Amino acid sequence: MPADPLKFAYWVPNVSGGLVTSRIEQRTDWGYDYNRELAVLAENNGFDYALTQVRYMAGYGAEQQHESTSFSLALLLATRRLKVIAAVHPGLWHPGVLAKLGATADHLSHGRFAVNVVSGWFKDEFTALGEPWLEHDERYRRAEEFIRALRASWTEDRAELAGDFYRLRGFSLRPKPLGTAGRPHPEIFQGGNSTAARAMAGRVSDWYFSNGRDVDGVAEQIADVHDSASRAGRRPPKFGLNGFLIARDTEAEARETLREIVARADTEAVEGFGAAVRQAGRSTADGKGMWQDSTFEDLVQYNDGFRTGLIGTPERIAERIVAYKRLGVDLFLLGFLHYHEEVEYFGRRVLPLVRELEAADRTGPASVPAHA
């Protein structure tokens with residue numbers, strides 16, 4: 001089990017529509033004023049990171065979107081401790097240009113900038129901008145090269161890379177990002193559930209984000225990523241798990257909220273999203289692309305967040321969170337229905353229980369069961 005305390009991140013609602021594709025009320029707003037207040041609230045309620053979403057075009061319930069890197073910088077300048085992760089698409093960014101932006105953002109925020117390299121699932125975003133749409137495993141091959149170029153730009157005096165997708169020829173970035181103990185450059189996150197994603201994470205990433213998964217699915221993914229890192233002769237990346245959290249005073253209240261979210265789902269948007277993401281992952285060599293086994297209910301929360309099972313009373317949720325930690329999860333990436341209220345509830349009611357259970361694990365044998 002990881003010795004360090006669990007870290008928590010939240011999905012920044014910088015796109016409209018909230019975190020579930022449902023007509024249920026979501027007291028959440030995609031605008032900057034709302035998100036600035038949310039960022040301060042989150043860092044005061046135990047959150048370590050915030051992840052901005054990347055969408056370039058409307059679709060599947062997200063009719064309005066703020067660009068991720070500029071929005072991330074705005075949130076960094078509005079906070080003091082929160083680290084903000086900007087999601088970026090290889091193919092739409094050159095890694096050297098992003099490295100320059102990232103170095104500046106890192107200085108302005110005193111070392112709190114990070115990136116999440118997203119290989120891409122929304123074909124129309126690429127084709128509308130005149131960029132080629134690669135098949136699944138080729139997108140991950142490009143993303144791996146992107147990360148290698150990004151890291152070289154941040155750490156080498158005259159970066160060189162002769163790749164199939166990107167080239168660096170003596171690129172000298174000044175100033176470099178801020179380097180600290182254990183952090184030679186801004187942290188590089190990467191997502192994906194496929195075999196190609198897991199292998200890539202083991203070879204090049206600092207953090208690996210998984211879509212929502214149950215206990216068995218998480219154990220399998222962690223083993224695969226660790227095996228990939230071992231073959232590459234490097235330390236495995238840390239593991240982040242997506243989860244949609246519905247914490248209520250009673251189990252019945254939490255389950256009723258989930259039932260209503262799904263009952264009021266925007267069926268057309270959910271099915272359209274499902275078709276798009278399955279097409280994006282269908283070309284994997286082994287058929288294990290993201291969302292390939294997701295049900296309609298899973299897709300109502302578009303990163304499979306319900307599957308992690310963070311639904312119930314604070315006590316039940318804390319037990320399940322720590323059970324995942326025992327498997328090797330280092331960070332939870334959380335979404336909420338009503339952000340301001342539920343982030344505060346998490347910090348007041350759930351997080352103290354998590355810390356108590358972590359302390360108990362450090363001083364004695366694990367005795368808390370994981371609820372199904």
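How are α5 and α6 oriented to each other? Roughly parallel.

1. Confidence. This is a predicted model. The mean pLDDT of the chain is 92. A score of at least 70 is reached by 93% of the residues. One stretch needs care in reading: residues 366-372 have a pLDDT below 50. Beyond near neighbours in sequence, that stretch still has twelve contacts in the model.

2. The barrel. Eight strands form a closed barrel. Their order is β1-β2-β3-β4-β7-β8-β9-β12, with parallel pairing. From one strand to the next, the twist averages 25°.

3. The β9/β12 pairing. Strand β9 covers residues 238-244 and strand β12 covers residues 331-335. The two run parallel and are joined by five bridges.

4. Helix α2 on the strands. Residues 68-78 make up α2. The helix lies across β1 (7-12), β2 (49-52), β3 (83-88) and β4 (113-117). Relative to β3, α2 runs at about 175°.

5. α1 against α2. Helix α1 spans residues 32-43. Its axis comes within 9 Å of that of α2, and the two cross at roughly 50°. An angle between 35 and 65 degrees is neither roughly parallel nor roughly perpendicular, so α1 and α2 are oblique to each other. The crossing is right-handed. On the α1 side, the contact uses Tyr32, Asn35, Arg36, Ala39 and Val40. On the α2 side, Phe71, Ala74, Leu75 and Ala78 meet them. By class, the residues of this contact are seven nonpolar, one polar and one charged.

6. α5 against α6. Helix α5 is residues 136-155 and helix α6 is residues 195-204. Their axes come within 10 Å and cross at roughly 15°. Angles under 35 degrees count as roughly parallel, which is why that word applies to α5 and α6. Here too α5 passes α6 in a right-handed crossing. From α5, the contact draws on His136, Asp137, Tyr140, Ala143, Glu144, Ile147, Arg148 and Arg151. From α6 come Ala196, Ala197, Met200, Arg203 and Val204. The residues of this contact divide into seven nonpolar, one polar and five charged.

Definitions and conventions. Residues are numbered from 1 along each chain as its sequence is written. This is a predicted model: local features need pLDDT of at least 70, side-chain atom pairs count only at pLDDT 80 or more; totals for chains, interfaces and linings use all residues. Side-chain values use heavy atoms; hydrogens and water are left out. Axes are lines fitted to C-alpha atoms, for helices over the stretch in contact, and angles run from 0 to 180 degrees between N-to-C directions. Helices (H or I, at least four residues) and strands (E, at least two) are DSSP runs, numbered from the N terminus. Angles under 35 degrees count as roughly parallel, over 145 as roughly antiparallel, 65 to 115 as roughly perpendicular and the rest as oblique. A crossing is left-handed if the near helix is turned anticlockwise from the far one by less than a right angle, and right-handed if clockwise. Contact means heavy atoms within 4.5 Å. Ala, Val, Leu, Ile, Met, Phe, Trp, Tyr, Cys and Pro count as nonpolar, Asp, Glu, Lys and Arg as charged, and the others, Gly among them, as polar. Two strands pair if DSSP finds at least two bridges between them. pLDDT is the predictor's confidence in each residue, from 0 to 100.
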